[in-house]
Amino acid sequence: MSSIIANEFIEASPASIHLPALIGIGLVLLLVAMAVNVIAHYIVTRMLKVREGAIRN
């Protein structure tokens, strides 16, 4: 999706709905990436606590 945004951003006309749609797709991509990172951070910290013995499985 990011390559599509980069390729079509220059060609998008400010008067059309194409530019806001590309910006919206970029925001959705950002939110998905942030959600994946938050979930990964939670999993890693939980596994480190389990390994240290603070939490039992």
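The conversation below walks through a predicted model of one protein chain.

Visitor: What kind of model is this, and how are residues numbered?
Guide: This is a predicted model, in which local features need pLDDT of at least 70, side-chain atom pairs count only at pLDDT 80 or more, and totals for chains, interfaces and linings use all residues. Residues are numbered from 1 along each chain as its sequence is written, and side-chain values use heavy atoms, with hydrogens and water left out.

Visitor: How many helices and strands does the protein chain have?
Guide: The protein chain has 2 helices and 0 strands. Helices (H or I, at least four residues) and strands (E, at least two) are DSSP runs, numbered from the N terminus.

Visitor: Is the chain compact or spread out?
Guide: The protein chain is more spread out than a compact globule, because its radius of gyration is 19 Å, well over the 10 Å that the globule rule gives for 57 residues. That radius is taken over C-alpha atoms, and the rule is 2.2 Å times the number of residues to the power 0.38. Along the principal axes, the C-alpha trace spans about 60 × 15 × 10 Å.

Visitor: What share of the residues is buried?
Guide: Buried residues make up 7% of the 57. Buried means under 20% relative accessible area, exposed over 50%, and partly exposed in between (1.4 Å probe, protein chains only).

Visitor: Turning to H2, how far does it reach?
Guide: Helix H2 has 35 residues and reaches 51 Å from its first C-alpha to its last, close to the 51 Å expected at 1.5 Å a residue. The expected span is 1.5 Å times one less than the number of residues. Just after H2, Gly-53 takes a positive phi of about 95 degrees.

Visitor: Which residues make the nonpolar surface patch?
Guide: Phe-9, Ile-23, Leu-27, Leu-30, Leu-31 and Met-34 make a patch of about 600 Å². Accessible areas come from the Shrake-Rupley method with a 1.4 Å probe, and for residues only the protein chains shown count as cover.

Visitor: Which helix gives the largest share of it?
Guide: Helix H2 (residues 18-52) does, with 5 residues. Ile-23 is in H2 and counts as partly exposed because its relative accessible area is 44%.

Visitor: Where does Pro-14 lie, and is it buried or exposed?
Guide: Pro-14 lies in the loop between H1 and H2, and it counts as exposed because its relative accessibility is 70%.

Visitor: How far is Pro-14 from Ala-35?
Guide: The two are 21 residues apart in sequence and 30 Å apart in space, C-alpha to C-alpha. Ala-35 is found in helix H2.

Terms used:
Patch = residues over 30% accessible without salt bridge, like charges linked within 9 Å, V, L, I, M, F, W, Y side chains within 5 Å. Salt bridge = Lys/Arg side-chain N within 4 Å of Asp/Glu carboxyl O.
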